[in-house]
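The sequence and structure are shown first.

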Amino acid sequence: MMQGPDIGKAIFEHTSDSRVVELPFGLGEWHLPTGWHLFGIDVSPTKHVVFMVVAATLVFVTMRIAGRQIERRHREGKAPHGFGAAIEAVVLFVRNDVAIANIGHGGENYAPYILTLFFFILYCNLFGLLPWGATATGNLAVTGALALTAFVTVEVTGLVALGPKGYLKTIVFVPPGITGIGAVLMALIMTPIEIIGKIVKPFALTLRLFANMTAGHFVILALLGLIFIFGSWLVAAATVAFVVFMMLLELLVAFLQAYIFALLTSVFIGMMRHAH
Amino acid sequence: MPVVLLRLQEATGSGEGGFTPFSINTGLIFWTIVVFLVLLGLLWRFGWPAILKSVEDRERRIQQQLEEAERARVEAQRLLEEHRRMAATAKAEAQELIAKAKAVAEKERAALLAKAREEYDELLKRARKDIQEEREKAILALRREAVDLSIAAASKLLEAQLDTETNRRLVTEYLATLEQQR
């Protein structure tokens, strides 16, 4: 077998974060500044930061354009139409069937958060599918930070909705009807379990999004790597067919994972609000 | 799980720029939170209300229109019912009126007939009475005439017979009887 290129290294380089942004259409590379420090943390921007900012900007622009269009047509007394109607349909789906349906009564107040979560993750996911793009959501730090916002939201919700005493019960859990030494024993056993339960949820969110976004890229890159290993047109043809299929699957997964992240966050908020 | 991740990081740690797909960059956590919160704030203020307000307004308007339509339908139903009832009442009333008019006409006719008969009877009676009276009057007149004629005839007769000898004798005889009786 001939000496092929190091496909594994290429895959890792492609999916990992970097200090260099490859500009499209042969415009070269953009070396990001380094050495930014804040509270002793290295906060130098990376490729994923750039793509997050671009995605966030695009989400905002999308919503502004759609909002303007919807407002204008509403003022003119016309039915929804075109781009505004498309965005409106998705926004309403996330708001009604994801946020309010799972959070329950009062879910409207969480809808902006869930909506932002959904669209931000969706745009980040989709950027990974573009040429020269990078998947910010294929980075554990990013998904972890997003899950952290979900964790904070859930816990603060619990504190506000259940009160300090009710919230404490979600940590130190004693089954009803048990008193005295049994209660203490149960609390001792259940408290670590409850705390683990709280931490596992954002942890699962983190890994699910990261793994789904990264795995698709791994598969696509590995398939493309076959072309360079075999160096055959026949393999290339078959591989490209597979890659197109995988790309379509990734497109589905991009939407699906944004939906799942938003859905699970809503479910966790709803569970916390109705815990007793 | 973190142990596995750490192993992976160790194994691939010598990538370009020190990043691997599994590395956790603390600075990136910071950036993610900053970008996300800025986006959340901007959308919360300028994004979602524009979309949701219009949609909610529209929902409300459609709901209102639906309710109005329902109200109008109920109203129309009620009006139709009322109209039907009124039509039925009017029909019944008309029927009743016709019947009443018929009855009145019948009564009137009967009354007129009775009156006519009465008048006729009256006239007849009066005519009879008049005839009777006239007859009696005629009879009376006739009788008087007859008496007058008789008297006249009798007087003529008496005139003719008074100075006769027989009569003279008769009176004398009568006078004689009167003398005897006394």
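## Basis of the description

Contact here means that heavy atoms lie within 4.5 Å. The model is predicted. Under that contact criterion, Thr149(A) touches Tyr113(A), Leu117(A) and Phe36(B), with residues up to four places away in sequence left out of the count. Thr149(A) belongs to helix α5 of chain A, which covers residues 140-169. Because buried means under 20% relative accessible area, Thr149(A), at 11% relative accessibility, counts as buried.

## Architecture of chain A

Chain A contains 7 helices and 4 strands. Along the sequence, these elements follow the pattern α-β-β-β-β-α-α-α-α-α-α. Taken along the principal axes, the C-alpha atoms of chain A fill a box of roughly 75 × 60 × 40 Å.

Of the 276 residues in chain A, 45% are buried. Among contacts in chain A with a separation of 6 or more, 67% are accounted for by residues 24 or more positions apart.

## Helix α3 of chain A

Helix α3(A) spans residues 82-103 and has 22 residues. The distance from its first C-alpha to its last is 30 Å, close to the 32 Å expected at 1.5 Å a residue. After α3(A) comes Gly104(A), which has a positive phi near 95°.

The buried residues of α3(A) include Gly84(A), Ile87(A), Glu88(A), Val91(A) and Arg95(A). Their cover includes α2 (47-75), α4 (111-127) and α7 (233-273) of chain A, together with α2 of chain B.

## Interface between chains A and B

At the interface, 38 residues of chain B are in contact with 58 residues of chain A. The two chains bury about 4300 Å² between them, and 79% of this is on carbon and sulfur atoms. On the chain B side, the residues that lose the most area to chain A are Pro21(B), Phe36(B) and Trp48(B), together 16% of what that side buries. Phe36(B) is also one of the residues that Thr149(A) touches.

Between chain B and chain A, 5 residue pairs are in polar contact, both residues being at pLDDT 80 or more. Helices α1 (2-12) and α2 (26-161) of chain B each supply at least two residues of the side that touches chain A. The largest share of that side, 27 residues, comes from α2(B). By residue class, the side of chain B that touches chain A divides into 24 nonpolar, 9 polar and 5 charged residues.

## Salt bridges

Side chains of opposite charge can pair when their charged atoms come close. Over all chains, the structure holds 12 salt bridges, and 2 salt bridges are counted between chain B and chain A. In one salt bridge, the side chains of Arg58(B) and Glu88(A) meet at 2.8 Å, N to O. Arg58(B) lies in helix α2 of chain B and Glu88(A) in helix α3 of chain A, so the pair joins two chains. Both Arg58(B) and Glu88(A) are buried.

Within chain A, Glu76(A) forms a salt bridge with Lys78(A), the closest N and O atoms being 3.2 Å apart. Glu76(A) is partly exposed at a relative accessible area of 45%, and Lys78(A) is partly exposed at 40% relative accessibility. Within chain B, the closest N and O atoms of the salt bridge between Arg109(B) and Glu106(B) are 3.5 Å apart. These two residues both lie in helix α2 of chain B, 3 residues apart, about one turn of the helix. Glu106(B) is partly exposed, with a relative accessible area of 46%. Salt bridges that share partners also join Lys53(B), Asp57(B) and Arg60(B) into one network.

Methods. Residues numbered from 1 in each chain as written. Chains lettered and ligands numbered in written order. Predicted model: local features only at pLDDT ≥ 70, side-chain atom pairs only at ≥ 80, totals over all residues. Heavy atoms only, no water. Buried area = accessible area lost by both parts, 1.4 Å probe. Salt bridge = Lys/Arg side-chain N within 4 Å of Asp/Glu carboxyl O. Polar contact = N/O pair within 3.5 Å; in protein donor to acceptor, adjacent residues only side chain to side chain. Nonpolar A, V, L, I, M, F, W, Y, C, P; charged D, E, K, R; others polar. Buried < 20%, exposed > 50% of the residue type's maximum accessible area, 1.4 Å probe, protein only. Expected span 1.5 Å × (residues − 1).
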